[in-house]
Amino acid sequence: MATFNFSGGIHPPELKNQTKDLSIKEFPVPEKVVIPLSQHTGAPAIPIVKKGDIVVAGQKIGESQGKISANVHSSISGEVVDVIPYNHPLISKPAPAIIIKSDGKNSQIEIKKTYWDYYRYSTQDIIKVIQEAGIVGLGGAAFPTHVKLSPPKEKEIDTLLLNGCECEPCLTCDDRLMQENPKEIIEGMKIIMFILNIHKGIVVIEDNKKNAIEAINKIVFLEPNISVKIVKTKYPQGAEKQLIKTVLNREVPSGGLPFDVGVIVQNVGTSYAIYQAVVKGLPLTSRVITVAGDFILNPGNYRVPIGTLASDILSYCGYKPEEKPHKIIFGGPMMGISQGILDVPILKGTSGIIVQESKNIQFFSEYDNCIHCGKCVDVCPMELMPNFLSYYAEHMLWEKCKEFFPNDCIECGCCAYECPAKRPIVQHIKLAKFYLSKK
Ligand code: SF4
Ligand code: SF4
């Protein structure tokens with residue numbers, strides 16, 4: 001298979017040694033979880049439990065509404081103590097959430113039916129199972145998976161790319177999942193290919209994950225329609241459009257989606273979740289996250305109940321909040337979201353919690369004028385002109401911004417990483433997107 005390349009990109013320090021050799025551990029059942037009703041792209045779920053209700057782990061507690069939405073389930077057993085707005089890691093103000101106090105029993109919902117013989121059912125039946133299980137993209141975007149697996153009829157899909165790149169520094173949760181659960185991941189991939197009725201699946205892994213490549217290859221060896229593609233370690237290799245360009249040399253048009261070029265991209269964690277839902281009958285109630293960075297005494301990869309508070313996770317991992325100020329990031333250091341407080345829950349799309357020492361933090365106000373070096377243009381994987389976008393957004397010239405395609409920006413941060421003037425280019429572009437969306 002030929003190898004292609006995407007333009008731009010950077011090679012930040014990988015910073016994966018802290019956790020890449022540590023096996024996934026089960027996180028203890030927390031005393032309380034906070035399950036936001038909005039953990040995904042689209043409309044929030046509607047609560048179907050109320051204060052005082054007793055729930056078990058795996059029980060549906062929020063029902064999806066509208067075309068793009070996802071169910072949410074309790075991740076522990078216990079009592080619903082409130083349904084109120086609570087701190088949310090991605091939204092600047094509190095958002096509706098279901099708060100559950102553990103009864104310490106971790107009772108699980110009874111599994112009535114599994115679809116291990118999924119190929120005997122219609123694709124719609126299996127999509128419904130995935131929808132019921134509340135599965136969303138676990139690579140970060142949290143787009144409802146049942147919607148992604150139902151592309152418009154006129155789009156001819158021929159290839160599934162299973163994304164095992166994990167190009168963000170510090171994160172190793174996908175790497176460990178591929179090493180420890182390769183069979184389940186490939187079975188999940190086969191379910192996706194069955195739904196899409198396609199016969200070409202490629203697992204894409206960066207060349208810095210030798211053990212994962214070996215583990216996946218051992219399973220794929222037996223699969224005639226699935227292959228492994230090893231790609232160079234380069235950020236943001238795992239971004240959908242860059243992945244498609246590198247592996248298939250197809251270019252997703254401006255404003256388009258992968259299905260416009262016949263491709264569906266899914267993350268390895270999502271594939272694992274699909275296997276769990278279809279073959280084992282288990283809804284999405286937990287995920288593997290990487291906990292790493294400065295002042296973390298017990299870094300690692302943990303399978304954590306959705307809705308566990310960052311304060312509980314960091315405390316378990318030996319972090320002392322009084323050592324502030326530090327930067328706490330949900331996700332990786334390039335595209336993750338900084339958290340101002342620790343009383344905030346992890347979501348289905350949270351891939352890690354990373355702590356950065358204060359001396360490494362760059363504050364928004366400390367930046368200079370553009371010196372027109374062009375470095376940001378060189379590294380932009382979307383071939384944009386981040387310098388102009390930043391300048392016009394800084395001066396609130398939104399119509400001028402529009403001429404430079406801000407909505408094509410994937411917010412990868414390559415431009416800001418390279419900028420010698422330390423300009424907050426991504427924040428500027430996010431502002432431009434926000435104001436232009438209001439017009
Ligand atoms: S953040 Fe946007 S503008 Fe900057 S390099 Fe990435 S895609 Fe280009
Ligand atoms: S990298 Fe920074 S200083 Fe250089 S052109 Fe881009 S915005 Fe200007």
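## Close-up views of a predicted model

**View 1. Shell of ligand 1.** The shell around ligand 1 is made up of eleven nonpolar residues, one polar residue and one charged residue. Here Ala, Val, Leu, Ile, Met, Phe, Trp, Tyr, Cys and Pro count as nonpolar, Asp, Glu, Lys and Arg as charged, and the others, Gly among them, as polar. Cys380, Cys409, Cys412, Gly413 and Cys415 come nearest of the 13 residues around ligand 1; a residue is near a molecule if one of its heavy atoms lies within 4 Å of it. Two or more residues of this shell come from each of α12 (414-418) and α13 (425-438). Helices (H or I, at least four residues) and strands (E, at least two) are DSSP runs, numbered from the N terminus.

The model is predicted: local features need pLDDT of at least 70, side-chain atom pairs count only at pLDDT 80 or more, and totals for chains, interfaces and linings use all residues. Residues are numbered from 1 along each chain as its sequence is written, chains are lettered from A and ligands numbered from 1 in the order in which they are written, and side-chain values use heavy atoms, with hydrogens and water left out.

**View 2. Shell of ligand 2.** Around ligand 2 are Cys370, Ile371, His372, Cys373, Gly374, Cys376, Asn387, Cys419, Pro420, Arg423 and Ile425. Seven residues of this shell are nonpolar, three are polar and one is charged.

View 3. The chain is divided into domain 1 (24-109 + 283-360), domain 2 (118-280) and domain 3 (375-438), with bounds from an automatic or database domain assignment. The C-alpha centres of domain 2 and domain 3 are 29 Å apart. Seven residues from domain 2 and six residues from domain 3 make the contact (heavy atoms within 4.5 Å).

**View 4. Loops with backbone exceptions.** Tyrosine 235 and proline 236 are joined by a cis peptide bond, with omega near 0 degrees. Proline 236 sits in the loop between β11 (226-231) and α6 (240-248). Alanine 142, in the loop between α1 (123-132) and α2 (145-148), is not a glycine but has a positive phi of about 55 degrees. Most residues other than glycine have a negative phi, and most peptide bonds are trans.
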